[in-house]
There are 2 protein chains.
Amino acid sequence: MRIAILGGTGAMGRLIARELRDDGHEVVITGSNPHTAERVARELDVEAAPTNVDAAKDADVVVVSVPISVTEDVIREVAPHVPEGSLLTDVTSVKVRPVRAMLEHAPEDVYVLGTHPLFGPTVPSLRGQTVILTPTERSGPWTRRVRRYLERKGARVVETTPEEHDRTMAVVQCLTHAVLLAAGAAIGRFLPSLELDIEEVASPVYRLLMDVVGRIAGQDPRLYAEIQAFNPYGDEAREELLRALRRFHEHAHDHNALTEYIAESRERLGRELDLEACQRRTDKLLSYLADELRILQEGIEAILLDVYTNEALEGEVTGDRDTIRLDGRELPRDRYKILPRCPKELAHFDGEVTVLELRTGADPGDVAAVVDALGRNLRALRAERRGERVRVEVEYTGKESLEGLLRKLRALGLEVRVAR
Amino acid sequence: MRIAILGGTGAMGRLIARELRDDGHEVVITGSNPHTAERVARELDVEAAPTNVDAAKDADVVVVSVPISVTEDVIREVAPHVPEGSLLTDVTSVKVRPVRAMLEHAPEDVYVLGTHPLFGPTVPSLRGQTVILTPTERSGPWTRRVRRYLERKGARVVETTPEEHDRTMAVVQCLTHAVLLAAGAAIGRFLPSLELDIEEVASPVYRLLMDVVGRIAGQDPRLYAEIQAFNPYGDEAREELLRALRRFHEHAHDHNALTEYIAESRERLGRELDLEACQRRTDKLLSYLADELRILQEGIEAILLDVYTNEALEGEVTGDRDTIRLDGRELPRDRYKILPRCPKELAHFDGEVTVLELRTGADPGDVAAVVDALGRNLRALRAERRGERVRVEVEYTGKESLEGLLRKLRALGLEVRVAR
């Protein structure tokens with residue numbers, strides 16, 4: 001199939017071009033700067049067209065992948081030139097306005113479908129990612145075709161109307177980003193005036209919020225502004241938020257009134273959201289970080305996994321809140337997950353304790369590692385050499401755990417007995 | 001020392017009473033209901049006094065541990081009765097107003113110190129927790145005494161003025177809670193009207209924010225209302241937030257203006273906060289959750305660690321976004337961290353591949369587990385039986401990794417050679 005990607009020089013356009021090219025399609029891209037388009041086309045080994053109309057006029061599918069603020073202009077420009085029976089689609093984060101523009105400006109015999117990939121251009125593949133489709137009365141066979149294509153690539157597809165899409169995204173995106181960016185703006189004004197180092201006295205909730213604020217604040221301001229401005233339900237979402245905050249503030253002078261206001265909104269939210277599950281989920285995240293600190297402080301043998309690639313580094317680690325020291329090297333703590341080489345080092349089993357004796361010349365620490373690796377629902381607490389034997393103290397749950405371990409050790413050729 | 005804890009029946013008061021009792025102090029508690037005080041005193045094996053004044057009048061230390069909204073009343077009531085040379089202190093989340101009340105109502109020869117433990121009453125111990133002290137010109141030797149006591153228990157102590165404390169907490173608590181509770185109130189109004197299941201199309205940022213919102217919304221409304229109402233800098237913090245949100249909303253009708261506003265606040269925030277580090281830290285949290293899903297979906301052998309106790313469960317796990325199935329049992333996913341039995345199952349080493357042959361009757365999977373447990377900077381990719389031998393394909397970084405492994409396997413009595 002011949003597929004035109006208008007705005008194929010942007011990060012998202014390039015991702016789409018690569019995927020379609022890999023699937024054997026004939027891809028032609030355009031860009032606001034024709035020289036850039038030619039360079040990117042060479043890099044991607046696809047075609048470049050000098051204008052959007054040139055790219056669109058003989059394509060089976062035309063994908064509009066330009067910034068939200070120019071999407072309607074580009075649609076107005078190319079829609080009349082899309083061939084009969086072809087598909088015109090866009091991939092922006094809003095759907096009402098682009099879909100309306102496509103329906104208005106494309107000839108009756110051109111198919112129209114709205115698409116919103118719920119991921120950024122840095123994903124390694126489409127596997128596990130979600131794509132929303134907003135079919136219209138003029139999507140014809142293309143809804144099914146696009147869905148099949150995406151599902152074959154491992155993506156999840158959700159179908160809805162352009163209106164319902166934008167209403168939902170007004171919460172997921174407009175309201176969420178407005179909260180976070182306004183919080184960032186306000187906090188950014190306070191921080192310089194504080195004398196106390198806020199890191200010294202920050203609560204886990206403040207830290208979590210600031211990490212999410214910083215994550216959003218670090219993105220492209222234009223994209224985030226356009227998501228607000230071009231979603232017709234954004235206004236309503238921001239106004240509801242303003243109203244809530246204004247009420248909160250008005251009540252704050254009377255602690256009884258504010259208590260009542262908080263209790264009321266909690267009750268309403270609690271009908272939609274399992275608040276205790278929120279507590280447990282955030283506790284889980286904090287618990288992963290607490291385990292990391294424990295590993296660093298107690299010198300538990302660790303394996304570092306790169307956050308983005310899971311590439312591994314092993315060795316003696318120490319460190320603090322910000323830094324990991326691995327065999328003398330300093331690494332940024334936020335770049336690696338810190339896991340115990342053996343997760344049992346962090347665990348305890350609510351069971352009995354016994355002692356095993358193995359006749360072996362191996363290092364007691366290695367024997368303990370083998371016990372941990374082979375044993376199920378048990379862990380080695382301590383191991384020490386006694387003459388020709390290594391004694392291992394074992395904590396276990398259930399007799400079958402212990403028996404399973406003994407069988408496996410003997411199958412490896414080790415002489416082992418239960419000492420008590 | 002004789003220590004009176006006024007409000008010793010509350011969760012925080014009980015924690016303080018237990019800690020001091022364990023350290024050998026003579027503890028006397030009071031409560032708004034004298035019967036409750038007597039019952040709790042029996043449970044804790046400490047004394048109860050019928051009134052606050054009775055408890056305070058012969059104490060070496062008087063700790064006011066009542067709700068913020070009645071703290072000043074209780075101070076006014078008991079301060080005149082605190083003995084000469086004793087310490088009067090409070091443990092609320094605001095410091096300006098309680099410290100001012102203590103200085104005003106306690107006789108000149110009574111020592112006064114503000115205290116803010118930055119943790120809730122559910123912590124297992126004080127180890128690693130932070131306590132803020134706000135000494136006054138009338139704290140005398142008690143700042144040092146309290147600091148030493150807390151540090152001996154493993155707590156971190158930060159000293160500042162009551163004003164600086166409240167200014168900082170206006171950001172860490174007032175602004176942070178206001179953002180989250182207002183977001184919860186607004187989102188709670190939208191969710192019932194959405195037809196699309198928001199869970200289906202939620203972004204990672206929306207999920208993270210909602211988990212933090214739900215965590216705060218699930219707490220005691222009274223405490224959160226009082227923290228807002230009794231911090232003299234709370235007003236300013238909420239007003240700055242309102243101003244930021246109002247500006248954001250006003251600009252949202254013109255995407256260029258909003259882009260500029262977002263870029264400006266980003267620049268200001270970026271001077272105080274490493275935005276890229278925020279991205280990496282949140283990516284790390286998401287990566288832990290992605291690893292969990294991978295373990296569940298790929299059937300990687302797992303160990304479940306209880307989020308609160310690190311008590312461990314092992315076995316075959318499968319599951320989905322909400323549920324873990326362990327050997328047929330269903331468990332809530334938010335209650336357990338899901339770690340691979342061997343973290344190397346998630347990892348890859350950027351190195352070479354070779355094949356080892358071991359003469360052993362053991363199960364090939366167990367041999368691979370032993371290789372993973374003993375090898376450093378290497379992992380077993382595959383293991384299979386070939387007659388009397390088990391062949392293990394190994395990915396390793398650096399010759400010394402491979403040699404170290406061979407040494408350890410031989411020390412265990414295993415016959416092993418490099419096959420290619």
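## Polar links between the chains

Let's start where the two chains meet: between chain A and chain B there are 74 residue pairs in polar contact, both at pLDDT 80 or more. A polar contact here is a pair of N or O atoms within 3.5 Å; within protein, one must be able to donate a hydrogen and the other to accept it, and residues adjacent in sequence count only if both atoms are side-chain atoms. On the side of chain A that touches chain B, helix α7 (residues 162-190) gives the most, with 21 residues. Helices are DSSP runs (H or I, at least four residues), numbered from the N terminus.

This is a predicted model, in which local features need pLDDT of at least 70, side-chain atom pairs count only at pLDDT 80 or more, and totals for chains, interfaces and linings use all residues. Side-chain values use heavy atoms, leaving out hydrogens and water.

## Salt bridges

The two chains also share 22 salt bridges, each a side-chain nitrogen of Lys or Arg within 4 Å of a carboxyl oxygen of Asp or Glu. One of them joins D334(A) to R280(B), with the closest N and O atoms 2.9 Å apart.

## The contact as a whole

Chain A brings 156 residues to the contact and chain B brings 156 residues, where contact means heavy atoms within 4.5 Å. Together the chains bury about 14,400 Å², 66% of it on carbon and sulfur atoms. Buried area is the accessible area (1.4 Å probe) that two parts lose on being put together, summed over both. In chain A, R215(A), K284(A) and Y288(A) lose the most area to chain B, together 5% of what that side buries.

Key
Residues numbered from 1 in each chain as written. Chains lettered and ligands numbered in written order. Helix = DSSP H or I, 4+ residues; strand = E, 2+ residues; numbered from the N terminus.
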